[in-house]
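Colleague: I have just opened this one and would like a guided look. Could you walk me through the contacts inside it?

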Amino acid sequence: MAKIYDKNMMAATNDNENLVWYEVNDKNFDLYGTDRGKNDVFSCRIPKEYAKDVNEGVYNMRAYAAGVRIRFASDSPLIAIKAEYGEGRVPTCCTVCGAYGFDLYKCNDDGTETFRHQFRPNADFDYKFFDNDPYKAKDEGLIYYTLNLPFFAEVKKLQIGIYADCKLERGKKYANEKPVIFYGSSITHGAAASTPGYTYENLIAQEYNMNYVNLGFSGNARAEEPMCRYLAKRDMCMFVFDYDHNAKSIEFLEETHYKFYELFRSINPDVPFVMISRPDFIHNYDISVKRREIIRTSYEKALAKGDKNVYFIDGETLMNPDDEFRCTIEGVHPNDVGFTRMAKVIGKKINEILKLK
C-alpha cells in the first residue's frame, strides 16, 4: 500500500477505555431499511429466499447496506463505532467514504437532519473491524441521531460506543413509520454519492423526516416478476419505480414497464405508485426521450384504467439541462449536486402526496 503523507487523509482510531460498546440490534436501537430472513447478515435489505429467484446480482448485493439507518439518542460527549464488514466493493464511480463509510446526523426538533460526522474506513480494508475517528459532541444534553450505513458493503456486525455514565435511548420516530420503498438502478442504489447521506432518498428523508427503504441494485434492477411480487407484498406507504436505467434496451423497457405496474397493482391496488424516467438527458438525449415516452405511456394507461393513485416524474426536470454536466461524474451517475437537485423535485412530489411536512 502506498504511503499516505497527509495525516488528514488517514482514518483515526480510538482506544478510549471509558467507552461502553452496545451491539446494534432491534432490541436496543431503531433499525430502518432492512428485511432479513433467517441466517441473513445484519444489513440485509431483501431476504435471500426471495433474492435467489430474482437474479445473481440482486442475490449478491442483497446485504449491501444502502439506505440502512440506525436511530438512537445519547448525551455522551463522545460517540464511536465498530463495524464488521462482509462482502463489498468500491465501484469506479464511487468514493470509499460512500461505499464503506458511515454518516452521523443530528435529528432536529422540526424533523430535519443536520450533518455531524463522517466515519471513514482505511482505504486498504485489510481488517474486519474499525473504530475510527470518534465524534465529539457539543454540550447539548440528549441528542437524537441517525447513523447512515455504507451503500456498497455488507455490515455483518455494528457496535456503538458511548461513555459509561451516559444515556442511550431509542431514536425519534419518522413522520411515516410505513416506509416509502424505492426500487431501481445504480442511481437509486446511491452511486456516485460522496457519502451515504447524499443519496437522493436520504436527502429527501433529511428534509421531510421520511422513513424509506432503498432497493436499488446497481445494474440489476430488471423488473423481474419475482421481484415485483416481493415488493408488492411489503408494507409501505408509497412505491417509487425508478427502473429506467437498467432496462437493457428500449424494447425491453417497453415490454416490462407497464407489465410490472399491472402485476404490482393486482397485488397491491391502493398504495401510491410513482414512475420516474432517467435523469440524465444530455447523455444520449434521443434515447432518453424515447424511454421517457414509454414510461409516460405506462402512466397514461394506468390513468385511463381509473388509477387515481399513480404519478409520473419527468427525469428531464430533475437536473438543470443548462449545466447537467456538473450534476454527474461521467454523464450518467449523479454526483452530490445531481442528487441534491433530484431530491428537491422528487421530495416535493412525495410530500405533496403523503403530506409529511
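Predicted model: local features only at pLDDT ≥ 70, side-chain atom pairs only at ≥ 80, totals over all residues.

Colleague: Okay, rings to begin with: how many aromatic pairs does a search of the whole structure find?

Modeller: The search finds 26 aromatic pairs, where rings of Phe, Tyr and Trp (its six-membered ring) pair if their centres lie within 6.5 Å, and planes under 30 degrees apart count as stacked, over 60 as edge-to-face and the rest as tilted. One of them is the edge-to-face pair of Tyr 64 and Phe 152, with 5.9 Å from centre to centre and 65° between the planes.

Colleague: And where do Tyr 64 and Phe 152 lie in the chain?

Modeller: They are 88 residues apart and link distant parts of the chain, with Tyr 64 in the loop between helix 2 (56-61) and strand 3 (69-74), and Phe 152 in the loop between strand 9 (143-148) and strand 10 (153-163). Helices (H or I, at least four residues) and strands (E, at least two) are DSSP runs, numbered from the N terminus.

Colleague: Is Tyr 64 buried or exposed?

Modeller: Tyr 64 is buried, at a relative accessible area of 7%, and Phe 152 is buried at 0%. Buried means under 20% relative accessible area, exposed over 50%, and partly exposed in between (1.4 Å probe, protein chains only).

Colleague: What about Phe 239 and Phe 273, how are their rings placed?

Modeller: That pair is tilted, because the ring centres are 5.2 Å apart and the planes stand at 55°. Phe 239 belongs to strand 14 (residues 238-242) and Phe 273 to strand 15 (residues 273-276), so the pair links distant parts of the chain, 34 residues apart. Both Phe 239 and Phe 273 are buried, and they belong to one aromatic cluster whose members include Tyr 183, Phe 241, Tyr 258 and Phe 264.

Colleague: Which residue lies over the face of Tyr 258?

Modeller: Lys 301 does, at 4.0 Å from the ring centre, and elsewhere the charged end of Lys 82 sits over the ring of Trp 21, 4.5 Å from its centre. A charge sits over a ring if NZ of Lys or CZ of Arg is within 6 Å of the ring centre and within 35 degrees of the ring normal.

Colleague: Switching topic, why is strand 3 described as largely enclosed?

Modeller: Six of the six residues of strand 3 are buried, so the rest of the structure largely encloses it. Both of its faces are covered, with Arg 69, Arg 71 and Ala 73 buried on one side and Ile 70, Phe 72 and Ser 74 buried on the other.

Colleague: Which strand does strand 3 join through six bridges?

Modeller: Six bridges join strand 3 to strand 9, and the two run antiparallel, with Arg 69 opposite Asn 148 in strand 9. Strand 2 (residues 30-32) is joined to strand 3 by three bridges, also antiparallel, and there Leu 31 stands opposite Ile 70. Strand 11 (residues 168-170) likewise runs antiparallel to strand 3, with three bridges, and Arg 170 is the bridge partner of Phe 72. Two strands pair if DSSP finds at least two bridges between them.

Colleague: Now the charges: which residue forms a salt bridge with Arg 170?

Modeller: Asp 30 does, with the closest N and O atoms 3.2 Å apart, a salt bridge being a side-chain nitrogen of Lys or Arg within 4 Å of a carboxyl oxygen of Asp or Glu. Arg 170 lies in strand 11 and Asp 30 in strand 2, so this pair ties together parts that are 140 residues apart in sequence. Arg 170 counts as partly exposed at 38% relative accessibility, whereas Asp 30 counts as buried at 6%.

Colleague: How many salt bridges does a search of the whole structure find?

Modeller: It finds 20 salt bridges, among them the one between Asp 244 and Arg 291, whose closest N and O atoms are 2.6 Å apart. Asp 244 counts as buried at 1% relative accessibility, and Arg 291 is buried with a relative accessible area of 5%.

Technical notes. Residues numbered from 1 in each chain as written. Heavy atoms only, no water.
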